[in-house]
Amino acid sequence: AAHDIFRLQVEDAARELARMENKQIANELELATAITGSDWGAVSGGVSTNNPFTDILNAITQIREKGYEPDFMVISPYAWSKFITNTWVRDLVHSGLAKVTASGGEFTLPGYPMISVVVDAALTPTLAIIGSSKAPACVLGEGPSEAAHYRNEIAGYDAFIIRQWLQPKLVVPDAIRKITGVAT
């Protein structure tokens with residue numbers, strides 16, 4: 001064959017393990033206390049009608065009132081598209097208070113902490129999660145990983161079995177908030 005099919009399938013399996021790990025983490029993050037947000041993509045007359053930072057500052061304030069300093073926001077690619085095209089956000093990017101990169105970004109507001117943004121497709125498209133990694137709001141317990149390789153001569157194939165044990169867990173619920181309804 002012109003391509004190493006076995007190698008491609010092994011790479012696909014590794015990518016799928018990472019995707020499923022992200023999905024488990026996202027499911028756990030989505031158990032955070034909910035705050036009702038506004039649609040960041042709503043537009044009237046070419047101008048965004050809702051300021052995402054109103055929702056974000058509400059979440060930051062609630063977390064700070066519990067004694068934690070939030071430093072991350074996790075968001076889906078769909079909600080991220082609504083966030084970065086919002087006219088309120090665009091003004092902060094132009095002023096240098098927000099940085100946008102292909103994989104996410106970061107922003108700061110005077111008197112508030114620096115927030116790193118992680119964009120991940122495993123998260124529900126209508127949510128944004130704000131939290132403190134130093135608390136830590138969520139941890140990932142990792143157990144053993146096993147990998148076995150075997151060959152079935154009669155059937156004529158090689159196979160791998162990979163088992164990975166992990167458990168994401170919200171351990172400090174006061175250090176994380178889920179903003180709902182940010183994208184429709």
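Modeller: This is a predicted model, in which local features need pLDDT of at least 70 and side-chain atom pairs count only at pLDDT 80 or more, while totals for chains, interfaces and linings use all residues. Residues are numbered from 1 along each chain as its sequence is written, and side-chain values use heavy atoms, with hydrogens and water left out.

I start with the largest nonpolar core, which has 23 residues. A nonpolar core is a set of buried Ala, Val, Leu, Ile, Met, Phe, Trp, Tyr and Cys residues joined through side-chain atoms within 4.5 Å; buried means under 20% relative accessible area, with a 1.4 Å probe and protein chains only. Trp-40, Ile-56, Met-73, Ile-75, Phe-83, Phe-107 and Ile-130 have the most contacts inside this core. Two or more residues each come from α2 (52-65), β4 (72-75), α3 (77-84), α4 (87-95), β7 (115-119) and β8 (127-131). These helices (H or I, at least four residues) and strands (E, at least two) are DSSP runs, numbered from the N terminus. The most comes from α2, with 5 residues.

Leaving out residues up to four places away in sequence, Ile-56 touches Trp-40, Met-73, Phe-83, Phe-107, Ile-130 and Ile-179; contact means heavy atoms within 4.5 Å. Apart from this core lies another, of 12 residues, including Leu-29, Phe-72, Leu-170 and Ala-175. In soluble globular proteins, nonpolar side chains tend to be buried together.

Ala-59 also lies in helix α2. Its relative accessible area is 0%, so Ala-59 counts as buried. With residues up to four places away in sequence again not counted, Ala-59 touches Ile-35, Ile-130, Arg-177 and Ile-179.

Next comes α4, where Thr-87, Val-89 and Leu-92 are buried. The buried residues of α4 pack against β3 (47-48), α2, α3 and β5 (98-101). After α4 comes Gly-96, which has a positive phi near 90°.

Glu-21 is buried yet has no salt bridge, that is, a side-chain nitrogen of Lys or Arg within 4 Å of a carboxyl oxygen of Asp or Glu. The nearest side chain of opposite charge to Glu-21 is Arg-19, 12 Å away. Neighbours within four places in sequence aside, Glu-21 is in contact with Leu-140, Gln-164 and Leu-166.

Conventions. Buried means under 20% relative accessible area, exposed over 50%, partly exposed in between (1.4 Å probe, protein chains only). Lys and Arg count as positive and Asp and Glu as negative; His and the chain ends are not counted.
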